[in-house]
Amino acid sequence: MAEIFKVKGLAGKKTLNGVIEVSGAKNAVLQALAFSVLFKDELTIKNVPAIEDVKRMTTLLADLGADVVPKKSGSYSIKFSKGIRSEISEEISKKLRASIVLTGPILARTGEVSFPHPGGCVIGARPIDLFVDGFTKLGAKVDFKDGKYHMKAKDGKLHGAEIFMKNQSVTGTQTLMLAAVLAKGKTIIKNAALEPETKHLADFLNKCGAKIKGAGTSTIEVTGTGLLSAKGKSYITPPDRIEAGSFLILGALAGNNLEIKNCDPSWVEALTENLISAGVKMQIGKSSIKFSGSGKIPNSDFKGLNIKTHEYPGFPTDVQAPMVVFLTQATGESFVFETIFEGRLNYAEDLRRMGADIKVWDPHRATVKGPTPLRGREVESPDIRAGLAFLLAAILAEGDSVIHNVYYIDRGYGNIEERLRRIGVDIKRECLEVCAPCVN
Ligand code: EPU
(Lines give C-alpha, C1' and ligand atoms only; values in the text may rest on other atoms or scores of the structure.)
Protein backbone atom coordinates (compact mmCIF):
# COMPACT_ATOMS: atom_id res chain seq x y z
CA MET A 1 0.00 0.00 0.00
CA ALA A 2 1.38 3.40 -0.93
CA GLU A 3 0.79 5.45 2.18
CA ILE A 4 1.94 8.94 2.98
CA PHE A 5 2.12 11.15 6.05
CA LYS A 6 0.83 14.69 5.80
CA VAL A 7 2.34 16.91 8.48
CA LYS A 8 1.53 20.51 9.32
CA GLY A 9 4.73 21.96 10.77
CA LEU A 10 4.99 23.85 14.06
CA ALA A 11 6.48 26.82 12.19
CA GLY A 12 9.13 27.38 14.79
CA LYS A 13 6.95 27.12 17.89
CA LYS A 14 7.93 24.87 20.81
CA THR A 15 4.48 23.54 21.57
CA LEU A 16 4.70 19.77 22.09
CA ASN A 17 3.17 18.74 25.40
CA GLY A 18 2.41 15.62 27.36
CA VAL A 19 3.90 12.15 27.42
CA ILE A 20 5.29 10.02 24.62
CA GLU A 21 6.07 6.40 25.48
CA VAL A 22 8.96 4.48 23.97
CA SER A 23 8.05 1.06 22.52
CA GLY A 24 9.89 -2.23 22.81
CA ALA A 25 13.18 -2.34 20.91
CA LYS A 26 13.09 -3.48 17.28
CA ASN A 27 16.70 -4.62 17.50
CA ALA A 28 16.01 -6.81 20.52
CA VAL A 29 12.61 -8.26 19.65
CA LEU A 30 13.66 -9.48 16.19
CA GLN A 31 16.55 -11.36 17.81
CA ALA A 32 14.25 -12.73 20.54
CA LEU A 33 11.84 -14.01 17.90
CA ALA A 34 14.83 -15.73 16.27
CA PHE A 35 15.95 -17.37 19.51
CA SER A 36 12.56 -19.08 19.85
CA VAL A 37 14.21 -21.78 17.67
CA LEU A 38 16.43 -22.70 20.65
CA PHE A 39 13.44 -23.63 22.83
CA LYS A 40 11.78 -27.00 23.30
CA ASP A 41 8.66 -25.49 24.90
CA GLU A 42 6.47 -22.47 24.32
CA LEU A 43 8.17 -19.09 24.51
CA THR A 44 6.24 -15.90 25.21
CA ILE A 45 7.61 -12.53 24.16
CA LYS A 46 6.07 -9.38 25.65
CA ASN A 47 6.27 -5.64 24.97
CA VAL A 48 6.49 -6.41 21.25
CA PRO A 49 6.34 -3.21 19.17
CA ALA A 50 3.63 -3.01 16.48
CA ILE A 51 6.09 -2.69 13.61
CA GLU A 52 6.28 -4.14 10.10
CA ASP A 53 9.57 -5.96 10.79
CA VAL A 54 7.88 -7.99 13.55
CA LYS A 55 5.16 -9.02 11.07
CA ARG A 56 7.85 -10.19 8.64
CA MET A 57 9.79 -12.08 11.28
CA THR A 58 6.70 -13.84 12.66
CA THR A 59 5.66 -14.78 9.11
CA LEU A 60 9.15 -16.19 8.60
CA LEU A 61 8.88 -18.24 11.81
CA ALA A 62 5.47 -19.60 10.80
CA ASP A 63 6.92 -20.56 7.42
CA LEU A 64 9.68 -22.46 9.24
CA GLY A 65 7.02 -24.45 11.10
CA ALA A 66 6.38 -22.48 14.29
CA ASP A 67 2.96 -21.97 15.84
CA VAL A 68 3.00 -18.21 16.30
CA VAL A 69 0.07 -16.90 18.31
CA PRO A 70 -0.49 -13.18 18.91
CA LYS A 71 -1.79 -12.82 22.46
CA LYS A 72 -3.24 -9.80 24.19
CA SER A 73 -1.74 -6.51 23.08
CA GLY A 74 1.95 -6.69 22.44
CA SER A 75 2.56 -10.39 23.25
CA TYR A 76 3.30 -13.40 21.08
CA SER A 77 3.72 -17.06 21.97
CA ILE A 78 5.87 -19.24 19.75
CA LYS A 79 6.31 -22.98 19.75
CA PHE A 80 7.94 -25.38 17.33
CA SER A 81 5.84 -28.50 17.88
CA LYS A 82 6.06 -29.95 14.36
CA GLY A 83 9.80 -29.75 13.66
CA ILE A 84 11.70 -27.00 11.86
CA ARG A 85 12.33 -26.44 8.19
CA SER A 86 15.92 -25.46 7.55
CA GLU A 87 15.24 -23.34 4.48
CA ILE A 88 14.63 -19.64 5.15
CA SER A 89 12.02 -18.07 2.86
CA GLU A 90 13.67 -16.14 0.11
CA GLU A 91 10.85 -13.66 -0.33
CA ILE A 92 10.90 -12.36 3.25
CA SER A 93 14.60 -12.74 3.86
CA LYS A 94 15.34 -10.45 0.92
CA LYS A 95 13.41 -7.69 2.70
CA LEU A 96 14.64 -8.24 6.26
CA ARG A 97 18.29 -8.13 7.26
CA ALA A 98 17.45 -9.45 10.74
CA SER A 99 16.43 -12.76 9.13
CA ILE A 100 20.16 -13.57 9.19
CA VAL A 101 19.91 -14.03 12.98
CA LEU A 102 17.73 -17.10 12.41
CA THR A 103 20.55 -18.88 10.57
CA GLY A 104 22.51 -19.54 13.78
CA PRO A 105 19.74 -21.19 15.80
CA ILE A 106 18.46 -23.19 12.78
CA LEU A 107 21.92 -24.47 11.85
CA ALA A 108 22.65 -25.37 15.48
CA ARG A 109 19.31 -27.14 15.98
CA THR A 110 18.82 -28.96 12.68
CA GLY A 111 22.45 -29.28 11.51
CA GLU A 112 21.77 -27.33 8.31
CA VAL A 113 20.37 -24.09 6.96
CA SER A 114 19.94 -22.45 3.57
CA PHE A 115 19.12 -18.83 2.87
CA PRO A 116 19.65 -16.07 0.29
CA HIS A 117 21.82 -13.03 0.97
CA PRO A 118 19.55 -11.07 3.33
CA GLY A 119 18.12 -7.73 2.23
CA GLY A 120 16.88 -4.84 4.36
CA CYS A 121 17.46 -1.09 4.29
CA VAL A 122 19.79 0.13 1.57
CA ILE A 123 22.36 1.81 3.80
CA GLY A 124 25.55 0.20 2.55
CA ALA A 125 27.12 -3.06 1.39
CA ARG A 126 26.03 -5.20 4.37
CA PRO A 127 28.19 -8.28 3.76
CA ILE A 128 27.86 -11.51 5.79
CA ASP A 129 31.49 -12.68 5.74
CA LEU A 130 31.73 -12.55 9.54
CA PHE A 131 28.80 -14.96 9.82
CA VAL A 132 30.31 -17.32 7.25
CA ASP A 133 33.72 -17.26 9.01
CA GLY A 134 32.09 -17.90 12.39
CA PHE A 135 29.95 -20.80 11.18
CA THR A 136 32.97 -22.33 9.44
CA LYS A 137 34.92 -22.19 12.72
CA LEU A 138 31.97 -23.85 14.47
CA GLY A 139 32.35 -26.75 12.04
CA ALA A 140 29.88 -25.96 9.23
CA LYS A 141 30.61 -26.53 5.55
CA VAL A 142 29.45 -23.50 3.57
CA ASP A 143 28.48 -23.54 -0.13
CA PHE A 144 26.97 -20.81 -2.26
CA LYS A 145 24.84 -22.26 -5.07
CA ASP A 146 21.89 -20.97 -7.13
CA GLY A 147 21.85 -17.65 -5.28
CA LYS A 148 21.72 -19.25 -1.83
CA TYR A 149 24.03 -20.09 1.01
CA HIS A 150 23.88 -23.73 2.12
CA MET A 151 25.46 -24.57 5.45
CA LYS A 152 25.79 -28.01 6.93
CA ALA A 153 27.32 -29.02 10.25
CA LYS A 154 29.86 -31.73 9.36
CA ASP A 155 28.54 -34.45 11.69
CA GLY A 156 25.11 -32.87 12.14
CA LYS A 157 26.26 -30.84 15.14
CA LEU A 158 28.20 -27.58 15.61
CA HIS A 159 31.32 -27.70 17.76
CA GLY A 160 32.49 -24.93 20.10
CA ALA A 161 35.40 -22.85 18.81
CA GLU A 162 37.34 -19.63 19.35
CA ILE A 163 36.11 -16.91 16.99
CA PHE A 164 37.75 -13.53 16.60
CA MET A 165 35.37 -11.14 14.82
CA LYS A 166 37.48 -9.05 12.42
CA ASN A 167 34.93 -6.22 12.74
CA GLN A 168 32.43 -5.67 15.50
CA SER A 169 29.05 -6.78 14.17
CA VAL A 170 25.87 -6.57 16.22
CA THR A 171 23.82 -9.32 14.58
CA GLY A 172 27.03 -11.26 13.80
CA THR A 173 27.84 -11.45 17.52
CA GLN A 174 24.25 -12.30 18.45
CA THR A 175 23.85 -14.96 15.75
CA LEU A 176 27.05 -16.79 16.69
CA MET A 177 26.20 -16.52 20.40
CA LEU A 178 22.82 -18.14 19.73
CA ALA A 179 24.35 -20.89 17.57
CA ALA A 180 26.89 -21.64 20.31
CA VAL A 181 24.09 -22.35 22.82
CA LEU A 182 23.39 -25.63 21.00
CA ALA A 183 26.99 -26.38 19.94
CA LYS A 184 29.04 -29.09 21.62
CA GLY A 185 31.59 -27.62 24.03
CA LYS A 186 32.79 -24.09 24.61
CA THR A 187 32.71 -21.14 22.19
CA ILE A 188 34.62 -17.93 22.78
CA ILE A 189 33.65 -14.88 20.70
CA LYS A 190 36.29 -12.15 20.77
CA ASN A 191 35.84 -8.53 19.64
CA ALA A 192 32.11 -9.05 20.24
CA ALA A 193 29.73 -6.11 19.78
CA LEU A 194 28.86 -4.40 23.08
CA GLU A 195 25.23 -3.40 22.41
CA PRO A 196 23.17 -3.65 25.62
CA GLU A 197 20.44 -5.66 23.85
CA THR A 198 22.93 -8.56 23.52
CA LYS A 199 23.32 -8.76 27.30
CA HIS A 200 19.58 -8.41 27.74
CA LEU A 201 18.97 -11.36 25.38
CA ALA A 202 21.71 -13.46 27.04
CA ASP A 203 20.40 -12.78 30.57
CA PHE A 204 17.02 -14.23 29.59
CA LEU A 205 18.55 -17.24 27.82
CA ASN A 206 20.62 -17.96 30.94
CA LYS A 207 17.41 -18.05 33.00
CA CYS A 208 16.15 -20.70 30.58
CA GLY A 209 19.18 -23.00 30.82
CA ALA A 210 21.86 -21.40 28.61
CA LYS A 211 25.40 -20.82 29.88
CA ILE A 212 26.53 -17.49 28.44
CA LYS A 213 29.15 -15.34 30.17
CA GLY A 214 30.38 -11.88 29.23
CA ALA A 215 27.54 -10.76 26.91
CA GLY A 216 27.78 -6.96 26.65
CA THR A 217 31.59 -7.14 26.90
CA SER A 218 34.08 -7.75 24.08
CA THR A 219 34.58 -11.43 25.01
CA ILE A 220 31.61 -13.75 25.22
CA GLU A 221 31.96 -17.32 26.41
CA VAL A 222 29.19 -19.82 25.70
CA THR A 223 29.14 -23.38 26.97
CA GLY A 224 26.84 -25.44 24.79
CA THR A 225 23.80 -26.96 26.44
CA GLY A 226 20.76 -28.70 25.05
CA LEU A 227 17.53 -27.09 23.92
CA LEU A 228 16.32 -24.39 26.31
CA SER A 229 13.15 -24.42 28.34
CA ALA A 230 11.11 -21.27 29.12
CA LYS A 231 8.88 -23.05 31.69
CA GLY A 232 6.37 -20.21 31.53
CA LYS A 233 8.90 -17.38 31.69
CA SER A 234 8.42 -14.51 29.24
CA TYR A 235 11.01 -12.40 27.47
CA ILE A 236 10.12 -8.75 28.09
CA THR A 237 11.46 -6.61 25.24
CA PRO A 238 13.50 -3.67 26.60
CA PRO A 239 12.70 -0.10 25.52
CA ASP A 240 14.00 0.95 22.11
CA ARG A 241 17.01 3.21 22.70
CA ILE A 242 17.01 4.34 19.06
CA GLU A 243 13.38 5.43 19.21
CA ALA A 244 14.09 7.08 22.60
CA GLY A 245 17.05 8.92 21.02
CA SER A 246 14.86 10.24 18.21
CA PHE A 247 12.22 11.43 20.68
CA LEU A 248 14.94 13.16 22.74
CA ILE A 249 15.84 15.21 19.70
CA LEU A 250 12.18 16.10 19.18
CA GLY A 251 11.89 17.04 22.86
CA ALA A 252 15.06 19.16 22.73
CA LEU A 253 13.81 21.11 19.71
CA ALA A 254 10.06 21.35 20.14
CA GLY A 255 9.19 20.23 23.68
CA ASN A 256 7.20 22.76 25.67
CA ASN A 257 6.51 20.35 28.50
CA LEU A 258 7.29 16.93 27.11
CA GLU A 259 8.13 13.69 28.88
CA ILE A 260 9.80 10.76 27.10
CA LYS A 261 8.61 7.82 29.16
CA ASN A 262 9.67 4.19 29.39
CA CYS A 263 13.27 4.64 28.35
CA ASP A 264 16.51 3.58 29.98
CA PRO A 265 18.64 6.76 30.24
CA SER A 266 21.79 4.68 30.78
CA TRP A 267 21.34 3.25 27.25
CA VAL A 268 21.13 6.67 25.57
CA GLU A 269 24.04 8.48 27.22
CA ALA A 270 25.79 9.15 23.89
CA LEU A 271 22.68 11.14 22.95
CA THR A 272 22.05 12.93 26.23
CA GLU A 273 25.72 13.90 26.69
CA ASN A 274 25.91 15.35 23.18
CA LEU A 275 22.62 17.22 23.51
CA ILE A 276 23.68 18.61 26.90
CA SER A 277 27.00 19.80 25.47
CA ALA A 278 25.05 21.52 22.67
CA GLY A 279 23.19 23.47 25.36
CA VAL A 280 19.99 21.41 25.71
CA LYS A 281 18.44 21.28 29.18
CA MET A 282 16.63 18.14 30.29
CA GLN A 283 15.60 16.39 33.47
CA ILE A 284 16.84 12.83 33.48
CA GLY A 285 14.85 10.48 35.71
CA LYS A 286 15.08 6.72 36.33
CA SER A 287 13.07 5.73 33.28
CA SER A 288 12.05 9.02 31.73
CA ILE A 289 13.53 12.26 30.40
CA LYS A 290 11.67 15.60 30.48
CA PHE A 291 12.02 18.72 28.39
CA SER A 292 10.50 22.10 29.00
CA GLY A 293 10.90 25.18 26.93
CA SER A 294 9.22 28.02 25.17
CA GLY A 295 10.07 30.44 22.41
CA LYS A 296 11.16 29.75 18.90
CA ILE A 297 12.92 27.03 16.98
CA PRO A 298 15.77 27.47 15.99
CA ASN A 299 17.11 28.16 19.40
CA SER A 300 20.15 30.40 19.19
CA ASP A 301 21.39 28.93 22.50
CA PHE A 302 22.15 25.55 20.88
CA LYS A 303 25.68 25.05 19.61
CA GLY A 304 26.80 22.81 16.74
CA LEU A 305 28.54 19.51 17.47
CA ASN A 306 31.00 17.04 15.98
CA ILE A 307 29.29 13.66 15.70
CA LYS A 308 31.15 10.45 14.95
CA THR A 309 29.04 7.31 14.83
CA HIS A 310 30.52 4.38 16.67
CA GLU A 311 29.63 0.96 18.01
CA TYR A 312 27.88 1.07 21.41
CA PRO A 313 28.41 2.84 23.77
CA GLY A 314 29.42 5.43 21.16
CA PHE A 315 27.02 7.54 19.11
CA PRO A 316 24.58 5.17 17.32
CA THR A 317 24.50 5.22 13.53
CA ASP A 318 20.73 4.69 13.81
CA VAL A 319 20.28 8.16 15.36
CA GLN A 320 22.69 9.95 13.01
CA ALA A 321 19.98 11.18 10.59
CA PRO A 322 17.64 12.51 13.35
CA MET A 323 20.68 14.17 14.99
CA VAL A 324 21.44 16.02 11.76
CA VAL A 325 17.95 17.55 11.98
CA PHE A 326 18.96 18.84 15.42
CA LEU A 327 22.21 20.23 13.99
CA THR A 328 20.31 22.21 11.33
CA GLN A 329 18.80 24.12 14.25
CA ALA A 330 22.03 24.69 16.20
CA THR A 331 24.37 27.64 15.74
CA GLY A 332 27.64 27.17 13.88
CA GLU A 333 29.17 24.46 11.75
CA SER A 334 28.78 20.81 12.75
CA PHE A 335 30.73 17.89 11.38
CA VAL A 336 29.18 14.44 10.95
CA PHE A 337 31.32 11.35 10.42
CA GLU A 338 29.27 8.22 9.67
CA THR A 339 31.76 5.41 10.29
CA ILE A 340 29.53 2.30 10.16
CA PHE A 341 27.58 2.42 6.86
CA GLU A 342 28.39 4.13 3.57
CA GLY A 343 24.77 4.82 2.54
CA ARG A 344 23.51 6.68 5.56
CA LEU A 345 23.75 10.24 4.29
CA ASN A 346 21.36 9.62 1.39
CA TYR A 347 18.70 11.84 2.95
CA ALA A 348 20.85 15.00 2.73
CA GLU A 349 19.52 16.22 -0.62
CA ASP A 350 15.87 16.15 0.54
CA LEU A 351 16.76 17.81 3.83
CA ARG A 352 18.54 20.50 1.85
CA ARG A 353 15.34 21.10 -0.13
CA MET A 354 13.64 21.63 3.23
CA GLY A 355 16.10 24.45 3.96
CA ALA A 356 19.03 22.69 5.65
CA ASP A 357 22.56 23.82 4.80
CA ILE A 358 24.32 20.44 4.43
CA LYS A 359 27.35 19.58 2.37
CA VAL A 360 28.18 15.92 1.87
CA TRP A 361 31.93 15.55 1.24
CA ASP A 362 31.94 11.79 0.62
CA PRO A 363 29.69 8.82 1.59
CA HIS A 364 30.87 9.09 5.20
CA ARG A 365 31.31 12.79 5.93
CA ALA A 366 29.11 15.86 5.95
CA THR A 367 29.05 19.36 7.39
CA VAL A 368 25.91 21.12 8.55
CA LYS A 369 25.65 24.88 9.04
CA GLY A 370 22.96 26.27 11.26
CA PRO A 371 20.62 27.50 12.31
CA THR A 372 18.43 27.37 9.22
CA PRO A 373 14.63 27.48 9.35
CA LEU A 374 13.05 24.43 7.71
CA ARG A 375 10.23 24.59 5.15
CA GLY A 376 7.57 21.96 4.48
CA ARG A 377 8.27 19.90 1.34
CA GLU A 378 7.36 16.61 -0.35
CA VAL A 379 10.03 14.02 0.49
CA GLU A 380 10.58 10.28 0.21
CA SER A 381 12.03 8.10 3.01
CA PRO A 382 15.10 6.22 1.78
CA ASP A 383 15.31 4.01 4.94
CA ILE A 384 13.82 3.62 8.42
CA ARG A 385 15.98 6.14 10.25
CA ALA A 386 16.11 8.76 7.49
CA GLY A 387 12.32 8.46 7.30
CA LEU A 388 12.08 9.38 10.96
CA ALA A 389 14.49 12.27 10.42
CA PHE A 390 12.15 13.63 7.70
CA LEU A 391 9.25 13.29 10.10
CA LEU A 392 11.14 15.35 12.71
CA ALA A 393 12.08 17.96 10.10
CA ALA A 394 8.46 18.15 8.89
CA ILE A 395 7.23 18.67 12.47
CA LEU A 396 9.62 21.59 13.01
CA ALA A 397 9.11 23.18 9.60
CA GLU A 398 7.01 26.09 8.46
CA GLY A 399 4.21 24.83 6.21
CA ASP A 400 2.97 21.42 5.13
CA SER A 401 5.06 18.37 4.29
CA VAL A 402 4.24 15.11 2.59
CA ILE A 403 6.38 12.08 3.41
CA HIS A 404 6.29 9.19 0.95
CA ASN A 405 7.46 5.62 1.62
CA VAL A 406 5.87 5.69 5.08
CA TYR A 407 6.31 1.96 4.92
CA TYR A 408 9.97 2.43 5.93
CA ILE A 409 8.96 4.37 9.03
CA ASP A 410 6.42 1.64 9.89
CA ARG A 411 9.22 -0.94 9.76
CA GLY A 412 10.76 0.53 12.90
CA TYR A 413 8.24 2.76 14.69
CA GLY A 414 4.84 1.38 15.71
CA ASN A 415 1.72 3.61 15.65
CA ILE A 416 4.00 6.59 15.35
CA GLU A 417 1.35 9.01 14.11
CA GLU A 418 -1.01 8.26 17.02
CA ARG A 419 1.76 8.77 19.55
CA LEU A 420 2.84 12.02 17.91
CA ARG A 421 -0.74 13.28 17.62
CA ARG A 422 -1.19 12.83 21.38
CA ILE A 423 1.64 15.30 22.09
CA GLY A 424 0.30 17.89 19.66
CA VAL A 425 1.66 17.02 16.23
CA ASP A 426 -0.73 17.64 13.32
CA ILE A 427 -0.16 14.46 11.31
CA LYS A 428 -2.40 12.38 9.02
CA ARG A 429 -1.81 9.08 7.27
CA GLU A 430 -3.31 8.77 3.79
CA CYS A 431 -3.35 5.97 1.29
CA LEU A 432 -2.64 6.94 -2.33
CA GLU A 433 -4.15 3.78 -3.81
CA VAL A 434 -7.83 3.17 -4.32
CA CYS A 435 -8.29 -0.41 -3.20
CA ALA A 436 -11.36 -2.49 -2.32
CA PRO A 437 -11.34 -1.94 1.49
CA CYS A 438 -11.10 1.86 0.96
CA VAL A 439 -13.93 1.95 -1.55
CA ASN A 440 -16.31 -0.19 0.50
N1 EPU B 1 29.95 -6.09 8.51
C2 EPU B 1 30.89 -6.80 7.79
N3 EPU B 1 30.69 -8.16 7.66
C4 EPU B 1 29.63 -8.80 8.21
C5 EPU B 1 28.69 -8.06 8.96
C6 EPU B 1 28.88 -6.70 9.09
O7 EPU B 1 31.85 -6.26 7.28
O8 EPU B 1 29.55 -10.03 8.05
C9 EPU B 1 30.15 -4.63 8.65
C10 EPU B 1 28.95 -3.83 8.10
O11 EPU B 1 29.08 -3.62 6.71
C12 EPU B 1 29.04 -2.56 8.90
C13 EPU B 1 29.60 -3.01 10.27
O14 EPU B 1 30.15 -4.31 10.04
O15 EPU B 1 29.97 -1.68 8.33
C16 EPU B 1 28.58 -3.11 11.36
O17 EPU B 1 27.42 -3.81 10.91
P18 EPU B 1 26.59 -4.74 11.89
O19 EPU B 1 26.79 -6.16 11.45
O20 EPU B 1 26.89 -4.40 13.30
O21 EPU B 1 25.12 -4.32 11.54
P22 EPU B 1 23.87 -5.28 11.61
O23 EPU B 1 24.08 -6.26 12.67
O24 EPU B 1 23.51 -5.73 10.24
C25 EPU B 1 22.49 -3.97 13.41
C26 EPU B 1 21.13 -3.35 13.45
C27 EPU B 1 21.15 -2.10 12.57
C28 EPU B 1 22.21 -1.14 13.11
C29 EPU B 1 23.57 -1.83 13.14
C30 EPU B 1 24.68 -1.01 13.72
C31 EPU B 1 19.60 -5.17 13.83
C32 EPU B 1 18.54 -6.06 13.28
N33 EPU B 1 20.13 -4.30 12.99
O34 EPU B 1 22.73 -4.28 12.04
O35 EPU B 1 19.86 -1.52 12.66
O36 EPU B 1 22.27 -0.01 12.29
O37 EPU B 1 23.46 -3.06 13.90
O38 EPU B 1 24.38 -0.65 15.01
O39 EPU B 1 19.90 -5.27 15.01
C40 EPU B 1 18.12 -0.10 11.98
O41 EPU B 1 17.55 -0.45 13.02
O42 EPU B 1 17.72 0.84 11.25
C43 EPU B 1 19.32 -0.84 11.59
C44 EPU B 1 19.81 -0.80 10.37
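**Close-up views of charged side chains**

View 1. At 28% relative accessibility, D67 counts as partly exposed, a class lying between buried (under 20% relative accessible area) and exposed (over 50%), with a 1.4 Å probe and protein chains only. This is a predicted model, in which local features need pLDDT of at least 70, side-chain atom pairs count only at pLDDT 80 or more, and totals for chains, interfaces and linings use all residues. Residues are numbered from 1 along each chain as its sequence is written, and side-chain values use heavy atoms, with hydrogens and water left out. D67 forms a salt bridge (a side-chain nitrogen of Lys or Arg within 4 Å of a carboxyl oxygen of Asp or Glu) with K82, the closest N and O atoms being 2.8 Å apart. K82 is exposed, with a relative accessible area of 62%.

**View 2. The E430–K6 salt bridge.** The side chains of E430 and K6 meet at 3.2 Å, N to O, in a salt bridge. This pair links distant parts of the chain, 424 residues apart, with E430 in strand β23 (residues 426–431) and K6 in strand β1 (residues 3–8); strands are DSSP runs (E, at least two residues), numbered from the N terminus. E430 is partly exposed at 28% relative accessibility, and K6 is partly exposed at 34%.

**View 3. The K213–E221 salt bridge.** K213 and E221 meet through their side chains in a salt bridge of 3.9 Å, N to O. K213 counts as exposed at 55% relative accessibility, whereas E221, at 25%, counts as partly exposed.

**View 4. A network of salt bridges.** E3, D410, E417 and R429 are linked in a network of salt bridges, and the structure as a whole holds 24 salt bridges.

Methods. Helices (H or I, at least four residues) and strands (E, at least two) are DSSP runs, numbered from the N terminus.
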